[in-house]
Structures are given as structure tokens and as C-alpha cells.
Amino acid sequence: MIEDLNSIRSDFPIFEFNPKLVYMDSAATSQRPKKVIDKVAEVYTQYNSNVHRGIYSMAEKVTEEYEDARKEIAAFLGTSAEELIFTKNTTESLNLVAYMLLPKLKNGVITITELEHHSNILPWRKVASLANAEIKTVAVDQEGKINEADFEKKISGTSVFSFAHVSNVAGTTLNAKKMIRTAKAEGAITVVDGAQAAPHIKLNLHDMGADFYALSGHKMLGPTGIGILYGNKKLLEDLEPPFSGGEMVKEVHAEGQEWNDVPWKFEPGTPNFAGAIGFGEAVKYLEKIGMGDIELYEKKLGRALVEELTKIDGLEYIGPMENRASLLSFKLRGYHPHDIAAFLDTRSIAVRSGFHCAQPLHEKFGFFDGSARASLYFYNNMEEIESLARALKELVKL
Ligand SMILES: Cc1ncc(COP(=O)(O)O)c(C=O)c1O
């Protein structure tokens, strides 16, 4: 169990610089421990040089660190290193897989759900228009949970099924393994948007069985500008790289070329090597705390967040009561979500307001002005939830 939260918090310089800060916007981006910040600085100050290019010792050192980070992250996710492509973020990962799958989508069907972030809607709209494919959307019920009957109906005949493992608005956690099994039985290729799952849940991607899984380093203590696209090795070997250029190729002749092996054939140009190495350090830090412990602790936080906030008069929220992530998207009668966030800021509480890049989902639930969202991580505590509830009660009384 996470017992010594004070010592954990002291690993994060942001809390030292902002002693009053109640940071509740980790779904947008997490804070980073000093170890990660120091690691990125170490790369730039001690052995900065480009990866996979030089044969001098510094270039070999940085290449080794870059590939070691890939191995570290692969072990953390339950995959092998050759199946992990470094990208910029979840958005780039989803765009990349959408364009990789474009040749398989001619006149096909792409199925998503009503829970999706714009990053798991718009890339599919783009490739659907290029491939003359149809997009089907699986409905959710009033609690923001998948409508099973609609899923069974829409998954039939699907070429690609892409869904959020955890919703960034409703906090719904989907039974990914079961849904993937059903989709695969229908012959679909499965893609999972893991942006809100990977920071909070112990994953084993081989066991889960997804063909592709996308995530962002910056939401799980890593640097900005680094993400992952996991892809099943056989598929990665068979698929063409949608983007090309330096380093993703073995040989280029006046006519013709031979692509590099996986995963490098999907990493054209100079990668964010300092970011990748920093992300490896973030994963080591998460391993040290223990994803199992993080999951258990956040369950408690999530439950307390719902319990405390639903006591507030006029508060409505999106998502299920039980089995939810440690975040809550809500509105308060009589207040615009931006007014809520601005008021909370006067109490040093940082929450996000708006549509959180999931406007169709907000509209489905009649949240036409968006919502205010408090999203927690393992460095938050019960007192902070009480402070949030107290501040909201104060606002309601104004
Ligand atoms: C569910 C979900 N998918 C995708 C994204 C996009 O992540 P990024 O902005 O890191 O690409 C987010 C970010 O908030 C998200 O919550």
C-alpha cells in the first residue's frame, strides 16, 4: 500500500515550488519526479548526440540508453521491445496506426465507441474518407458504460475496432480483454487508446491481446513529446510504413529501397531520444512504487471523490458510480465550467474545464458547455479531495 505519501510528494519538485498547489489535472498531464527531470538533463549535458548514427563512444552510449528505455517500457507493458514504436504522444500513435491500416480499410467498417477522445475519432474519419470506409459508433448507457447489445450488433463485420480503455471524461474502465476477444472473433483488428489507462493500471498487453495500443509518456510521469504505439509483431512486419525518410530504411538506391526492421521502420527521422530515455526513467519510478499499489490507492481516491462531490447541491456528473477511474467530470447548476475552474484556482486547486477533447460525449449527456474535471494521481490525497469539496460548497453558497 502507498503509506508514505509525504516522501512520494517530496520526489516531485513542483510541490516544493508551489506548496499550496492542489493539482487535480493529471489526466491532461501528470507531474514529473526529479529523477525524470534529472535524467533528461543528464542526456543533454553528458552524452548528447544522435542515436543509431555515430560509432563514437558518446553516440553509442545514447543509442544504448535509448534502446534500454524501450526494453524497460516493454517489460512494464508486458510486450517485447521490437513491438514498441516511439511516437510523440497518443494522438500521433493513433494517427500512425490509422494510416498503417488504411490499405486494409477499403470499403470496410471502422467501429469506435461514444466514449472516444477526439484523437480516437478524427484520425479514423480521415482514413475512412480516403478508404471509403464506414464508421460505426457503439452507444453507451446513461452511466457511460458500454451498451453490450449495441456492441454485439456493431462489432459484426468490423474491419478495425478502436476504443478507449479508460474514458477521460466518464472515467469508465472497459473490459478490454473481453471486448478484444469478441472483436477478434469477428475478424477485426483491434486498437486501444490507453492514454488514461497506462498511467493507472498494471498492463500486460500480450495477455490483453490487442493488436495495437497507444499511450503518452507525459501522462505517466514522463517528459512531454514522447509516446508509444505498441503493435503486434506479425502485423508490424506485414504493414507498410506510412511515413518515410532517414533511419527507417536499410538501403536506398537510385531505384528502390529496403525498409529497416521493426520497430525502426516506423520511426523516420531523429526521434525524441532524450524524451524516450526520460520515459524509461519514469517507468522505473512507477515500477518502484508498484502499479498494483497505485491502482488500489487510486480506487480509494476515486470512490472518495465521487462520494464527497455528490453531496454538493446542484452537482451533476458524467459516468458510472462504481468501477471508475480517479477522475470526475461535473457541472454545477448556475455556473459555467470555466467559472468553476477559475474560482477553484483562487483556492490553488487546479482542475480542467471545457470539453476535454471529447465534445460528442459531453453533448450526448447534455453537457453543452462542457464540464469541470478533477483528475487525480497517486500523489493526491484525501485532504485534497476534502479541500475541493469545501471550495465547491463555498462557491454554491455565494
Ligand atoms: C483518452 C485519451 N486519448 C487520447 C488523448 C490524447 O493524448 P495526447 O494529447 O497526449 O496525444 C488523451 C489526452 O487527454 C486522452 O485522455
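Y99 counts as partly exposed, because 18 C-beta neighbours lie inside 10 Å. On this scale a residue is buried if 20 or more other C-beta atoms lie within 10 Å of its own, exposed if 12 or fewer, and partly exposed in between, with C-beta atoms placed from the backbone. The model is a predicted one: local features need pLDDT of at least 70, side-chain atom pairs count only at pLDDT 80 or more, and totals for chains, interfaces and linings use all residues. Residue numbers start from 1 along each chain as its sequence is written.

Y99 sits in helix α5 (residues 90-101). Helices (H or I, at least four residues) and strands (E, at least two) are DSSP runs, numbered from the N terminus. Leaving aside neighbours within four places in sequence, Y99 is in contact with V127 and P242. Contact requires that the C-beta atoms of two residues, placed from the backbone, lie within 7 Å. P123 is 24 residues from Y99 along the chain, and their C-alpha atoms are separated by 8.2 Å.

The chain is divided into domain 1 (5-24 + 290-397) and domain 2 (37-288). These bounds come from an automatic or database domain assignment. The domain centres, taken over C-alpha atoms, are separated by 28 Å. In the contact between them, 22 residues of domain 1 meet 22 residues of domain 2. On the domain 1 side, α12 (291-309), β12 and α14 (359-364) each give two or more residues. Helix α12 gives the most, with five residues. By class, this side has twelve nonpolar, six polar and four charged residues. Ala, Val, Leu, Ile, Met, Phe, Trp, Tyr, Cys and Pro count as nonpolar, Asp, Glu, Lys and Arg as charged, and the others, Gly among them, as polar.

Seven strands form an open sheet with mixed pairing, in the order β2-β8-β7-β6-β5-β3-β4. Strands β2 (84-87) and β4 (134-138) are at the edges with a single partner strand each, so one side of each has no neighbour in the sheet. From one strand to the next, the twist averages 20 degrees. Two strands pair if DSSP finds at least two bridges between them. Angles run from 0 to 180 degrees between N-to-C directions, and axes are lines fitted to C-alpha atoms, for helices over the stretch in contact.

Strand β6 (residues 189-193) is largely enclosed by the rest of the structure, because five of its five residues are buried. I189, V191 and D193 point one way, while T190 and V192 point the other way. Strand β5 (residues 160-164) runs parallel to β6 and is joined to it by five bridges. Here F161 stands opposite T190. Strands β7 (residues 212-216) and β8 (residues 227-231) run antiparallel, joined by five bridges. S216 has G227 in β8 as its bridge partner.

S216 also belongs to the shell around the ligand. Of the 14 residues there, N89, T91, H117, N168 and S216 come nearest. A residue is near a molecule or strand if its C-beta atom, placed from the backbone, lies within 6 Å of it. The shell holds four nonpolar, nine polar and one charged residues.

A further open sheet has four strands in the order β11-β12-β15-β14, with antiparallel pairing. Its twist averages 30 degrees from one strand to the next. Four bridges pair β12 (residues 327-332) with β15 (residues 371-375). S329 is opposite R373 in β15. Helix α13 (residues 337-346) lies across β12, β14 and β15, at about 160 degrees to β14.
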